[in-house]
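Good morning, and thank you for coming.

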2 protein chains.
Amino acid sequence: MTQEILSAMKSIVGEEHASSAESVLKLHGKDQSSHRVHLPDVVVWPDSTDQVKAIVKYAAAHGVAITGWGAGSSLEGNSIPVKGGIVINFGRMNQIVQVHEADFQITVQPGIFYKDMNKALAKYGLFFAPDPGANASIGGMIANNASGTRTVKYGATRDNVLALEVVLANGEVIRTGSRSIKQSAGYDLTHLMIGSEGTLGLVTKATLRLHPLPEHFSAVVATFESTPDAANAVFGVIGSGLNPAALELVDSEAIRFMNMRVTNLPEKPTLLMEFHGAAAASINAELELVREICDDSGCIRFEAGVGREERDRIWEGRHALGEILFSVYPDQTYLITDVSVPISAYPEIAAYANELFDQLGVNGSLFGHAGDGNVHTVIFAPKDDPEKQAVLQTFNDYVVQKAIELDGTCTGEHGVGIGKQKYMVHEHGEGAISTMRQVKHLLDPTGIMNPGKIFDF
Amino acid sequence: MTQEILSAMKSIVGEEHASSAESVLKLHGKDQSSHRVHLPDVVVWPDSTDQVKAIVKYAAAHGVAITGWGAGSSLEGNSIPVKGGIVINFGRMNQIVQVHEADFQITVQPGIFYKDMNKALAKYGLFFAPDPGANASIGGMIANNASGTRTVKYGATRDNVLALEVVLANGEVIRTGSRSIKQSAGYDLTHLMIGSEGTLGLVTKATLRLHPLPEHFSAVVATFESTPDAANAVFGVIGSGLNPAALELVDSEAIRFMNMRVTNLPEKPTLLMEFHGAAAASINAELELVREICDDSGCIRFEAGVGREERDRIWEGRHALGEILFSVYPDQTYLITDVSVPISAYPEIAAYANELFDQLGVNGSLFGHAGDGNVHTVIFAPKDDPEKQAVLQTFNDYVVQKAIELDGTCTGEHGVGIGKQKYMVHEHGEGAISTMRQVKHLLDPTGIMNPGKIFDF
């Protein structure tokens with residue numbers, strides 16, 4: 001079967017752009033999570049929408065699974081080809097189609113990495129704001145509705161996509177949306193596709209909203225004695241109507257890891273913030289208010305206006321956190337939680353997760369996009385200790401249960417992938433899940449598009 | 001048949017909350033557009049989700065059409081029951097379920113009018129930002145993805161809805177979304193419902209995002225010699241990265257109408273703007289830049305920082321514009337265009353529409369939410385002059401054609417309703433429309449939900 005698929009793919013994309021070499025398959029069988037590796041049968045690198053269309057038509061005709069692949073930086077097994085088949089690597093479809101400079105928009109192919117895109121956009125004074133940390137592909141960000149440190153001000157990926165070109169499971173190509181900021185012309189297929197994790201179609205082109213690079217900015221580092229104190233300050237800042245461009249909570253353990261490689265911060269629970277504005281005066285006024293709020297929550301050290309270099313180092317450390325953690329515990333299985341709650345519930349969920357570390361005897365640390373109510377924890381267990389590994393799942397179950405009780409969600413930005421499927425009915429209810437399944441069956445009747453994700457087919 | 005439906009409805013909602021009196025039917029057979037009146041068979045006022053569910057189950061069992069009704073303020077025939085049947089008036093489901101003050105959120109029933117809701121929210125220092133001018137119901141705003149003067153800063157309705165309760169065509173009740181700002185847990189059913197004009201389900205509860213009332217604001221009135229000059233200034237303001245809370249273009253004819261009742265402005269093409277901010281200093285810095293940009297586009301009079309009373313009068317005039325126009329031409333048919341384009345194309349589409357007035361000999365005026373690229377024109381023709389009325393359609397066809405050429409849309413905020421159906425395939429392509437139709441058939445297989453809207457079943 002593999003040979004048949006391989007030669008079919010080669011006939012579509014050319015001899016050198018399809019492979020079933022073991023080394024290639026291994027690279028496309030895992031993401032950044034600890035979910036089990038599954039190898040595809042064939043990896044293919046198309047260079048046009050027409051080629052993607054031909055690949056999907058082949059897969060549809062032969063009942064072969066298709067999984068899209070960007071940077072492999074997903075965190076919930078979203079891109080692991082659990083049913084084998086074809087992985088479409090979008091690495092050759094990584095072009096900027098057009099910069100619509102005057103409209104603060106860009107049209108790109110899905111394989112472009114967002115850091116590369118933002119580098120190219122710097123000369124226009126523009127940037128794509130959602131910032132997942134890892135150098136994700138735009139296609140992957142759309143598939144998972146990724147977000148990150150700047151979402152608190154600028155929104156998630158779904159808030160910054162205007163139009164898509166999508167290849168459906170039957171090989172048909174559709175356009176969704178338009179380049180108008182305002183659109184009320186029929187069903188919102190753009191948002192149906194965003195966050196569908198490649199289970200309804202494959203994005204082959206996207207028009208994104210951009211923002212002007214901020215003229216003035218200021219970073220803030222606020223240190224607290226306890227994680228609950230810091231979490232209270234988060235709620236204070238957001239609840240007062242301030243509009244930070246980033247508001248991250250990093251616990252003392254996570255700071256310790258950041259300090260190993262990059263930063264030199266006090267090893268205490270810390271808020272990392274950034275404020276953007278058109279005028280320095282307005283930022284300074286905001287900073288005064290932020291300082292008062294932090295003081296009221298027991299802040300023990302407050303540093304505002306840190307210079308560009310130091311600010312860059314802080315964010316480098318924050319973004320490197322995952323990588324550092326994994327390298328410190330190379331032989332351990334890890335699990336990253338991604339619950340998100342209304343901001344008023346943030347102190348409660350943060351304190352709860354913090355207590356669970358002790359209660360379950362779990363080795364981990366807490367951080368996350370606090371300003372959005374998004375809490376990440378990374379927890380570890382030895383690979384050869386199934387009992388401890390089961391505790392990781394228990395930890396996740398408890399935190400998710402609590403988040404849903406607090407009107408939140410099991411996943412703020414990593415997507416459902418493999419690991420969050422078991423929470424879907426509890427979060428949404430049977431009715432909504434049944435509706436989602438019906439939409440899946442409608443648009444992918446034979447279940448070839450990234451099967452085994454979000455829910456079983 | 002009517003008697004059967006009526007007694008079925010009375011058995012669900014009680015004797016006094018269903019009616020087939022002619023006066024009642026007439027009130028529910030039209031909206032604010034010139035689309036033909038169609039009377040429903042019965043109007044029913046449920047007071048709970050359970051009653052809505054029972055009504056829909058009855059309709060599904062008997063193949064009776066169901067159309068939701070809020071304020072009747074739609075502008076494209078969206079709420080006209082073209083196939084008769086049952087109109088559900090949500091007037092009794094108009095309660096605030098909960099103000100989530102600390103989260104800047106509110107949960108409401110769909111029948112609440114947004115001005116009433118914002119009045120109730122004032123004491124919390126919060127407001128729901130989308131502002132369609134007319135005192136629309138929240139249910140209607142969600143159905144049409146309404147927006148308005150403040151969307152340029154705060155987004156459309158779809159950007160400000162977090163969670164819904166929806167009664168589907170089979171009578172099943174589903175929940176979509178959550179109260180978390182960030183959500184990546186499966187398909188985005190919330191956005192599938194927003195803008196679907198009641199053709200996929202009926203919203204019975206909604207959780208909305210709110211914003212803090214601005215601490216400081218300033219209004220600007222800038223007068224120009226020509227509409228193209230004013231349109232150029234619009235592009236200048238938005239293209240410079242300024243973030244107005246409102247940016248409206250109103251042509252001299254429209255100013256003349258506003259002056260009849262409310263304002264006292266020079267009868268020239270005019271930009272009406274508003275800026276919101278946390279600090280007076282930052283607003284003043286913005287205003288200087290706005291003045292420079294307007295001057296560069298040939299502004300002949302620039303007034304900034306107009307007081308609260310005068311500012312309120314300007315917006316009262318702007319919002320009363322439609323009503324004034326209709327009362328000036330009581331015996332005429334009118335047509336309101338609603339195209340929207342990328343901002344760089346705004347000067348071109350505004351100039352084009354302006355020229356068409358002369359070219360087609362049409363009586364009308366141009367205004368709209370310029371900062372979003374949204375152009376409204378209202379054009380008139382005598383009711384007894386079919387030739388002139390055909391010209392209205394030609395005008396609309398031309399403007400829509402041009403907007404789509406410019407990567408825009410046939411409707412920025414009024415929805416497809418009846419009048420925009422003919423443009424849907426041209427705008428989206430056969431593939432996307434076919435996908436939309438499939439979704440409609442999936443969720444409403446017998447076609448009872450607001451039939452005849454968006455597309456023929």
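I shall discuss the pairing of the chains, then a helix of chain B, and finally a strand of chain A.

Please bear in mind throughout that this is a predicted model.

Let me begin with the relation between the two chains. Chain B is superposed on chain A by a rotation of 180 degrees with 0.0 Å of shift along the axis, and the RMSD is 0.0 Å. That is the relation of a two-fold axis. Within chain B, S282(B) has the C-alpha nearest the axis, at 2.7 Å from it. Both copies use the same surface, since 100% of the contact residues of chain B recur in chain A.

How many residues does each chain bring to the contact? Chain A gives 74 residues, and chain B gives 74 residues. On the side of chain B that touches chain A, at least two residues come from each of strand 9 (173–177), helix 7 (189–193), helix 10 (280–296) and helix 14 (424–443) of chain B. Helix 14 of chain B gives the most, with 11 residues. Sorted by class, this side of chain B holds 26 nonpolar, 34 polar and 14 charged residues.

I turn now to helix 1 of chain B, residues 2–13. This helix has 12 residues and spans 16 Å from its first C-alpha to its last, close to the 16 Å expected at 1.5 Å a residue. Its buried residues are I5(B), A8(B), M9(B) and V13(B). These four lie on the same side of helix 1 of chain B because they cover an arc of only 115 degrees around the axis. As a general point, an α-helix has 3.6 residues a turn, so residues three or four places apart point the same way. The face turned away from the buried side of helix 1 of chain B carries Q3(B), E4(B), S7(B) and S11(B), which are exposed. Among the elements that cover the buried residues are strand 2 (42–44), helix 3 (49–62) and strand 4 (86–89) of chain B. Just after helix 1 of chain B, G14(B) adopts a positive phi of about 95 degrees.

Lastly, consider strand 4 of chain A, residues 86–89. Are its faces covered or open? Both are covered: I86(A) and I88(A) are buried on one side, and V87(A) and N89(A) are buried on the other. Strand 2 of chain A runs parallel to strand 4 of chain A and is joined to it by 3 bridges, with V43(A) opposite V87(A). Strand 3 of chain A also runs parallel to strand 4 of chain A, through 4 bridges, and here W69(A) stands opposite N89(A).

Methods: Residues are numbered from 1 along each chain as its sequence is written. Chains are lettered from A and ligands numbered from 1 in the order in which they are written. This is a predicted model: local features need pLDDT of at least 70, side-chain atom pairs count only at pLDDT 80 or more; totals for chains, interfaces and linings use all residues. Two residues are in contact if their C-beta atoms, placed from the backbone, lie within 7 Å. Ala, Val, Leu, Ile, Met, Phe, Trp, Tyr, Cys and Pro count as nonpolar, Asp, Glu, Lys and Arg as charged, and the others, Gly among them, as polar. A residue is buried if 20 or more other C-beta atoms lie within 10 Å of its own, exposed if 12 or fewer, and partly exposed in between; C-beta atoms are placed from the backbone. Two strands pair if DSSP finds at least two bridges between them. Copies are superposed by least squares on the C-alpha atoms of residues with pLDDT of at least 70 in both. The expected span of a helix is 1.5 Å times one less than its number of residues. The arc is that of the directions from the helix axis to the C-beta atoms.
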